[in-house]
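Hi everyone, thanks for coming. Let's take a few minutes to walk through one structure together, so please have a look at the screen.

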Amino acid sequence: MKPSSIVVGGLIFLTTLISPIQTLPTFDIREMRSVKQLSKCWAHNLQKYNISLKEKVEWRPIWEDVSIWCFNRKSDKFRLTLNDYGDFGEVLQRNRSTVLFVHGWLQNKLQFAEGAKRLALAVTSRNYCVVDFESLATVELRLFINQVSLRIATFLAGFVQSLGAIDIPPEQVTLVGEGVTAHLVGQTGQLLAGQLGSIIGLDPLGPFYTVGPAMQSPRGTLDPTDARFVQVWYSSIGQLGSPMPLGHQNIYLNGGLHPQPACSCFSKAFGTTNLLTQLCSHYFVVEVFKATLDPSIDLLATKCHSYKHFLAGRCRIRPSTTRRVISNDGTEPGNFYLQTSLKPPYL
């Protein structure tokens, strides 16, 4: 079946199914009473999939370190979504597409909160939530990758599954992650057997995942099987970002190359290999994406064989090859390129 979609503010929401529904590794949700209980069951259930949750250090229960805040229009602010399912109906609309923004390593829920609120006020037919794991976000990167990421992914998988209590199946859910958490939301999608509606990965981390001597197994890396549609944005290929195309649709900002033009002040002062310059390019994609959360922003990306062809003008901008990052045709697969300005809104 050909997918139809609505892409609003940089977010993709599938409205039809791309493939027949597969049996999820799940259990009778009617026997569950809270996200905490469901998360425990998920952790036990994962053993059947040979995913090791062994840890070298002691951790608090994951639900003590991960919280989910959803925008509530009655109070015009984000409200903490409690573990009890009875609370869901007070914060979330039933049977609506739902977006979970997962902040990055060394970040917190405020990373996406402003943009998510703007979108929620403009597009009231969907639920918007931000995931907060700030107390775990300062863990050393290697430790986070090896021991924390999958635990958070497990909790999120349980939460997504629990949304079925208010008639929101996984295929109506979009997860957004950046850097390390782009892979984390991919792990969540994998735990849900690829039934997530969509994933948006912002400059997925390359080191430890797709490049370097300590590469993760493919099981831990974002890939097209993690959701019905996977869109990936790139801005620091060859440095912090992954050089491999990881999605059905791959969007390259200024070729996805480091250093980004907006980071010229850092590259002139410190050089292109300096970590500050690398971080500037890495986070630039997040700033551009957040700009698209304003429904009035139209950001165009052109489908093209390569960045070289794009720069040479060999891929003409016409309706069949141009996709607005906010459009009704945003789920076309392939590689897309766009040039940005140096300042918001980057048109």
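Let me start with a definition: contact here means heavy atoms within 4.5 Å. With that in hand, residues 24 or more positions apart account for 70% of the contacts in the protein chain that have a separation of 6 or more.

A word on what you are looking at. This is a predicted model, where local features need pLDDT of at least 70, side-chain atom pairs count only at pLDDT 80 or more, and totals for chains, interfaces and linings use all residues. Residues are numbered from 1 along each chain as its sequence is written, and side-chain values use heavy atoms, with hydrogens and water left out.

Now the overall picture. The protein chain has eight helices and 13 strands; these are DSSP runs numbered from the N terminus, with helices being H or I of at least four residues and strands E of at least two. Of the 347 residues, 54% are buried, meaning under 20% relative accessible area with a 1.4 Å probe, protein chains only.

On to helix packing. Two packed helices are described by the angle between their axes and the distance between the axes. Axes are lines fitted to C-alpha atoms, for helices over the stretch in contact, and angles run from 0 to 180 degrees between N-to-C directions.

How do helix 4 and helix 5 lie to each other? The axes of helix 4 (residues 141-162) and helix 5 (residues 180-191) come within 8 Å and cross at roughly 40 degrees, so the two helices are oblique to each other. For reference, under 35 degrees counts as roughly parallel, over 145 as roughly antiparallel, 65 to 115 as roughly perpendicular, and the rest as oblique. Helix 4 contributes residues including L141, F144 and I145, while helix 5 brings V180, L184, Q187, T188 and L191.

Compare that with the next pair. Helix 3 (residues 110-122) and helix 7 (residues 275-292) pack at about 20 degrees, with axes 10 Å apart, and are therefore roughly parallel. Q111, F112 and R118 of helix 3 meet Y283, V286, F289 and K290 of helix 7.

Y307 sits in helix 8 (residues 307-311) and is buried, at 18% relative accessible area. Leaving aside residues up to four places away in sequence, Y307 touches N254, G255, L257, Y337 and Q339. Y307 and N335 are 28 residues apart in sequence and 9.3 Å apart in space, C-alpha to C-alpha.

Methods
Buried means under 20% relative accessible area, exposed over 50%, partly exposed in between (1.4 Å probe, protein chains only).
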